[in-house]
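Student: Hi! Could you walk me through this one? I'd like to start with the domains and then get to the interface.
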Amino acid sequence: MSAPQWKNPIVRWIDYRMPIFTLIHHDLVDYPTPRNLNYWWNFGSLAGFLLVVMIVTGVMLAMHYTPHVDLAFVSVERIMRDVNYGWLIRYLHMNGGSMFFLVVYIHVFRGLYYGSYKAPRELLWMLGVVILILMMATAFMGYVLPWGQMSFWAATVITNLFSAFPVVGESVVHWLWGGFSVDNPTLNRFFSLHYLLPFVIFGLVFLHLWALHTHKSNNPLGIDVKGPQDTIPFHPYYTAKDMFGMAVLLLVYLAFVFFAPNFFTEPDNYIPADPMVTPHQIVPEWYLLPFYAILRAVPNKLGGVVLMFASILILFVLPWLDTSKVKSARFRPIYKQLFWILVVDCIALGWVGANRPEGVYIVIGRIATAYYFVHFLILVPLVGWLERPRPLPESIGAPVLGGGGAAVGATPKPMEKA
Amino acid sequence: MAEHTSSGGPTLEEGGETRRDFLYLATGAMAAAGTVIAIWPFIDFMNPSRDVLALSTADVDLSPIEVGQAITVTWRGKPVFVRRRTAVEIESAANVNLADLPDPQPDSARVKKPEWLIQIGICTHLGCIPLGQRPGDPRGDYGGWFCPCHGSHYDTSGRIRKGPAPRNLDLPPYQFVDDGRIRIG
Amino acid sequence: MRGKLMAGAAAFLFALSANPAWAVEQSRPAAQDWSFSGVFGVFDRAAQQRGFQVYQQVCAACHSLKLVHYRDLAALGYADDEVKAFAAGKEVQDGPNDAGEMFTRPALPSDHFVSPFANAQVARAANNGALPPDLSLITKARKGGADYLYALLVGYADPPEGMELMEGMSYNPYFAGRQIAMPPPLAEGAVEFADGTPATVEQMAADVTTFLAWASEPDLEERKRLGIKVILFLLVLTGLLYASKRKVWSDLH
């Protein structure tokens, strides 16, 4: 994998002074990639694609948006009604947020299933968690900008979370607001940060990729690459596969944009913000519902807030909570079951988060919250010790020793029935 | 996508090569075309929007303007100079050797009624607003307007006579609604 | 695992669509067959025009339509002169003039729909303390959208036995809490349609709902038209990309 000899003199001139073409060649063309990656490995590049879509549409929207409490709602509606293709750019941005989270969540669960967070990829994983947290902050602040009823009350409720902290709580909230309630200063700073954070995320994505390319991709078998016979160059194999995945994503994404653009939103956000009237029910966007459920599962205000933050922060230490040396759940019969229970648990949390905290929802919410932490804090470490993994194949390229499905297939076989 | 790298790529089967190339070409062409088309909404997004275009007329009441006076009104966010010219100004505008002008145009082509000169008050050089509307303003060497930014002189018909501006002052589309009113746009 | 994935996806979608069980008493509006629903649906022009008439002659007495301009009515199939005439029928405040005074003038096509009340306080004072909501986004801003609006307009009834209505309220099972401050707005023959359609309550309700659905989503027709083209294009492109991907990977066998 030596540096290619560039024929074009201009390319050669630039590359000698700043080897950008060599870099691209190494990291996107010749880059050795495990030959057995399945379609679940598409979601990383899809997330990158959506980040670019969000930044581009967002920069456009900012050209017509006015961050002022009296004008924000009207300026968004002006974009929808009077600006050329304003409805398209706005719906792309709105639904793009949902698609971004959908893709990223699948990306995260793929990492959980195949043990992509284990050594030597701990830092790669932790950078991913930072990106996820920043995405949530960005999405929340973006949701406030149209200054509808949900915007206003989401801003009020979420910022009030910080009032749970003893002693400094109230001062912190006033500092966040820049006043004594959510008002114009709040909207202005949310706009500023909503514009800034995506670029911070963009930078972190580069670090994420740097870490990734240092030890290369994990793969469905979770075993290390033994030599060139186990890898194929990124281009054309994975470029072709990623392009296909992107087209499928666009089909889903644009179907929402053009035919059900308000599927993911609450009707209340089409009512201008009214600081004197709280809507009947406040729910965050779907991608934050599981966390919302954890927040409400605890009857104590501070406890709920702490648990909610802990539910994300716990992912930082996951690489050390998991005691198993085997990465892929394919060879971990018990962990595989636990993984799917966790998926169901998270969906249950989301479902509880969408409903009013009463009756059966409280019970389910508490059980699901408890299980979430039990999974990471007790079951994952314990199973790592107790479980007897199935025998691992010799290598990615070689025929597999017993069990474990086909590894050689060019067209990735679906993961075997769990 | 149509290329193969020399490193990992196994050899191609001879027969499939043309069909394969065509497929890659068609796919690449379609993806490229789609990308190019998808850029249009983003460009058009920055064009004047419907509400801006809808505000494209302005009515001006001419009755309070005395002979020799000028007013400035706003149309599409731009200043429009409305001047009621004196007989002397009309005459000096008409008696000009067109061959001497950088941008030859007879005065009759610049007005609908000789008394009323209506033009966009933006210097055709780099967009400053020329002086000459208010009584105390310098009017340049030709008694019309003078742009202080880079010294362009306009005559009483708003034609460029001296200085860096390439064109006469632009004329907005307008019509007389009746004797005392015009509608610009 | 595919099965599990499907089940997961189904559960996920269910979670999204699950109507949060809210304790406020409210009947579920029945789904209607709207001209503008579905992938190919467009607004019925005649219904829009009749609905505009209903809005003008009935709703506009209390409800503003602030986000819509008179010029937007061209989308309903009105000619420029008609749009100008609609606008000129209303007075708007403008100014200050050269004397520094505010004045009123007939509205222009570029003006927003003139609101019936100068501000929310006046509106409340004139309506027994209740604020008639702006209707510009009404079908987007209510759960159930057009179906809800229609059900509400035709849903007035006598209160069930034992239900005490508050002073000045009407019974309407589709409204949150079942009591609404708006008296039944539509009565048989309240308007005389220009096209001769009999003005039944159901007809007027359906028409004004169509009009207001357009007011909420003026982009709807352009959006669907473009969407169909884009999706068809993407289907072909996706097929080609899949074929290319297969070809590229066929080397590995």
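Tutor: Happy to. Keep in mind that this is a predicted model. In chain B, the C-alpha centres of domain 1 and domain 2 lie 57 Å apart.

Student: OK, and where do those two domains run in chain B?

Tutor: The domain assignment puts domain 1 of chain B at 3–45 and domain 2 of chain B at 53–184.

Student: Switching to the interface: how many residues of chain B are in contact with chain A?

Tutor: On the chain B side there are 20 residues, in contact with 25 residues of chain A. Between them the two chains bury about 1900 Å².

Student: How much of that is on carbon and sulfur atoms?

Tutor: Carbon and sulfur atoms carry 65% of the buried area.

Student: What about salt bridges, how many across the interface of chain B and chain A?

Tutor: The rule finds 1 there. A:Arg78 and B:Asp51 form a salt bridge through their side chains, at 2.5 Å from N to O.

Student: Which elements of chain B give two or more residues to the side that touches chain A?

Tutor: Those are helix H1 (17–44) and helix H2 (50–54) of chain B. H1(B) gives the most, with 4 residues.

Student: How does that side of chain B divide into nonpolar, polar and charged?

Tutor: The side of chain B touching chain A has 9 nonpolar, 7 polar and 4 charged residues.

Technical notes: Residues are numbered from 1 along each chain as its sequence is written. Chains are lettered from A and ligands numbered from 1 in the order in which they are written. This is a predicted model: local features need pLDDT of at least 70, side-chain atom pairs count only at pLDDT 80 or more; totals for chains, interfaces and linings use all residues. Side-chain values use heavy atoms; hydrogens and water are left out. Contact means heavy atoms within 4.5 Å. Buried area is the accessible area (1.4 Å probe) that two parts lose on being put together, summed over both. A salt bridge is a side-chain nitrogen of Lys or Arg within 4 Å of a carboxyl oxygen of Asp or Glu. Ala, Val, Leu, Ile, Met, Phe, Trp, Tyr, Cys and Pro count as nonpolar, Asp, Glu, Lys and Arg as charged, and the others, Gly among them, as polar. Domain bounds come from an automatic or database domain assignment.
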